[in-house]
Amino acid sequence: MMTDEQLAAIADHICPMFAIVDGKGRIMRVGPTLRKLRPDLKWEGRRFFRVFDLSRPRRVRSMEDLVNTAGSKLHLHFRDTPQTSLKGVLVPLPDGRGAIINLSFGISVLEAVRDYDLTSADFSPTDLTIEMLYLVEAKSAAMEASRQLNLRLQGAKIAAEEQAFTDTLTGLKNRRAMDHILERLITSGRDFALMHLDLDYFKQVNDTLGHAAGDAVLQHVARVMVDCTRQSDTVARVGGDEFVLIFNDLRDERQLQALAERLIREIEVPIPFGGKECKISASAGTTLSIWHDGTVSAARILNESDAALYAAKGAGRAQHCFYQKGMEQDVLEQHS
Amino acid sequence: MHGLINRAIQAFVTSTYGADRWKEVMDLAGLGFREFEAMLTYTDEQSNKMLQAMEQVLARPLPEMLEDMGTFLVSNPQVEALRRLLRFGGVNYVEFLHSLDDLPGRARLAVSDLYLPGLELFEQAPGQFELVCQPGLPGYANVMMGVLRAMADDYGDLVILEASGSQDGADVISITLVEREFAEGRSFDLGAHSL
């Protein structure tokens with residue numbers, strides 16, 4: 001029959017985290033790697049349950065209970081810190097001489113390697129721990145590279161989408177974005193006001209001072225409109241010198257009138273360009289969603305604001321008009 | 001060729017010759033982009049154009065540069081992850097050499113679409129080895145030469161490496177281990193990575 005000593009000599013190489021416990025539950029021998037986890041501990045003679053706390057199976061209190069777990073998976077951890085958790089399996093030794101318990105780190109191996117400064121030499125050559133550490137590290141590196149790629153792609157996607165919804169000259173929303181927002185507002189059933197604004201005398205600036213001056217004017221006007229509106233409002237450039245402003249939850253005509261007047265006033269402030277001054281103005285027409293019963297189409301809303309704008313232009317420019325029933329008729333008649 | 005390989009070349013050129021030279025290389029290669037993505041795959045034609053442009057712009061023979069790249073991959077702190085993965089191969093240089101047979105398999109475990117040609121180590125006599133690099137990746141043996149040299153330094157061993165021709169289309173590198181633990185190697189701590 002093999003002695004404990006002979007058994008330990010074999011186990012040292014095959015499973016260096018073993019403990020041999022005698023019939024009374026005292027540790028007789030431990031493997032070199034297990035010893036390395038508590039180098040200052042006097043292992044021999046110490047009670048197994050004083051060193052380790054068994055969390056599963058539950059209600060294992062005596063050595064007899066422990067031996068009865070033979071073959072099943074044990075969950076245990078050190079009683080003192082670091083309380084590294086371990087897995088184990090017990091095999092009884094013949095003639096009631098006690099048992100040999102083999103331990104391993106399980107999933108706690110990543111911290112254990114760090115906490116105890118373990119090296120490849122601490123694991124049996126057939127143990128897959130080193131391969132697992134390799135895999136964890138290789139996969140983390142590969143995952144990080146993938147994550148970086150995803151971030152860059154995400155950034156590129158956002159940039160592409162923003163470009164597609166943004167008027168590149170002014171930074172305002174473009175016609176496409178405005179259509180989207182208008183559709184969404186109508187579907188949501190929220191109240192809003194829509195103002196169609198057109199610059200007056202803009203063509204003269206372009207013709208006399210050139211396109212660069214025209215561009216500067218458009219950029220200036222865009223800033224004015226953004227400054228005069230709330231963050232939740234939409235300002236879109238929908239044509240050369242045409243803009244659409246959508247005001248969420250606004251249904252007060254006086255407020256809208258004041259806003260329109262302020263916009264026109266601000267736009268009329270001469271804009272310096274290359275030593276000269278560009279003088280323009282604006283006309284605007286507004287319609288409100290609350291003037292409609294039930295659902296209204298985007299096309300109808302835009303038509304109404306257009307008609308109101310036309311009326312404002314007809315009233316001598318630099319004016320603001322609200323839409324009134326029948327205005328579309330006037331537009332048609334003047335065109336015919 | 002896998003993006004990781006292209007990206008490694010990019011990292012080598014950028015860190016050795018500067019970002020401007022890399023731009024010149026990519027502009028000459030005319031691929032329509034200047035940066036390789038590590039996790040995408042590129043055609044061999046694209047990679048070859050880049051390598052040809054590299055030889056022209058940097059005016060150095062390609063095999064020489066690829067060998068330097070192999071050294072760079074192991075010794076540059078930027079790519080520490082790769083050195084660590086190679087060190088998992090063994091506790092000393094000889095064990096590391098024996099682990100090279102597994103290298104293509106290990107690479108595939110980490111990145112499933114990363115193909116590396118086979119490597120086979122023959123021990124001719126104690127301390128005398130031949131590494132056969134199977135064909136499939138142009139310049140593979142050059143890069144491996146640089147890797148082997150840098151890994152010897154990493155373990156602190158003194159070795160002599162020589163390209164000793166080819167057998168059946170496979171390049172052969174002969175390795176002579178002159179002295180073990182000739183110098184203090186770099187430390188390798190299993191649990192050093194940050195998770």
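Modeller: Helices here are DSSP runs of H or I with at least four residues and strands are runs of E with at least two, both numbered from the N terminus. This is a predicted model, in which local features need pLDDT of at least 70 and side-chain atom pairs count only at pLDDT 80 or more, while totals for chains, interfaces and linings use all residues. Residues are numbered from 1 along each chain as its sequence is written, chains are lettered from A and ligands numbered from 1 in the order in which they are written, and side-chain values use heavy atoms, with hydrogens and water left out.

Colleague: Which residue just after α8(B) takes a positive phi?

Modeller: Helix α8 of chain B covers residues 140-155 and reaches 22 Å from its first C-alpha to its last, close to the 22 Å expected at 1.5 Å a residue, a span taken as 1.5 Å times one less than the number of residues. Just after this helix a positive phi of about 85° is found, and the residue that takes it is B:Gly156.

Colleague: Is B:Val147 buried or exposed?

Modeller: B:Val147 lies in helix α8 of chain B, where 13 of the 16 residues are buried. Setting aside residues up to four places away in sequence, B:Val147 touches B:Gly70, B:Thr71, B:Val74 and B:Leu86, contact meaning heavy atoms within 4.5 Å. Buried means under 20% relative accessible area, exposed over 50% and partly exposed in between, with a 1.4 Å probe and protein chains only. Because its relative accessibility is 7%, B:Val147 counts as buried.

Colleague: Which strands are the edge strands of the open sheet in chain B?

Modeller: The four strands of this open sheet stand in the order β1-β2-β4-β3, with antiparallel pairing, and two strands pair if DSSP finds at least two bridges between them. Six bridges join β1(B) to β2(B), residues 128-133, and within β2(B) the bridge partner of B:Phe122 is B:Glu130. The edge strands each pair on one side only, and they are β1 (119-125) and β3 (158-167) of chain B.

Colleague: How many salt bridges does the rule find across the interface of chain B and chain A?

Modeller: In this interface 19 residues of chain B are in contact with 24 residues of chain A. A salt bridge is a side-chain nitrogen of Lys or Arg within 4 Å of a carboxyl oxygen of Asp or Glu, and A:Glu137 forms one with B:Arg84, their closest N and O atoms being 2.4 Å apart. Across the interface of chain B and chain A, the number of salt bridges found is two.

Colleague: How many residues apart are A:Lys313 and A:Asp200?

Modeller: A:Lys313 forms a salt bridge with A:Asp200, with the closest N and O atoms 2.5 Å apart. The pair links distant parts of the chain, A:Lys313 being in helix α11 (residues 298-314) of chain A and A:Asp200 in strand β7 of chain A, and their separation in residues is 113.

Colleague: Why does B:Ser47 count as buried?

Modeller: B:Ser47 has its place in helix α3 (residues 44-58) of chain B. Leaving aside neighbours within four places in sequence, B:Ser47 is in contact with B:Met1, B:Asn6 and B:Tyr42. B:Ser47 counts as buried because its relative accessibility is 0%.
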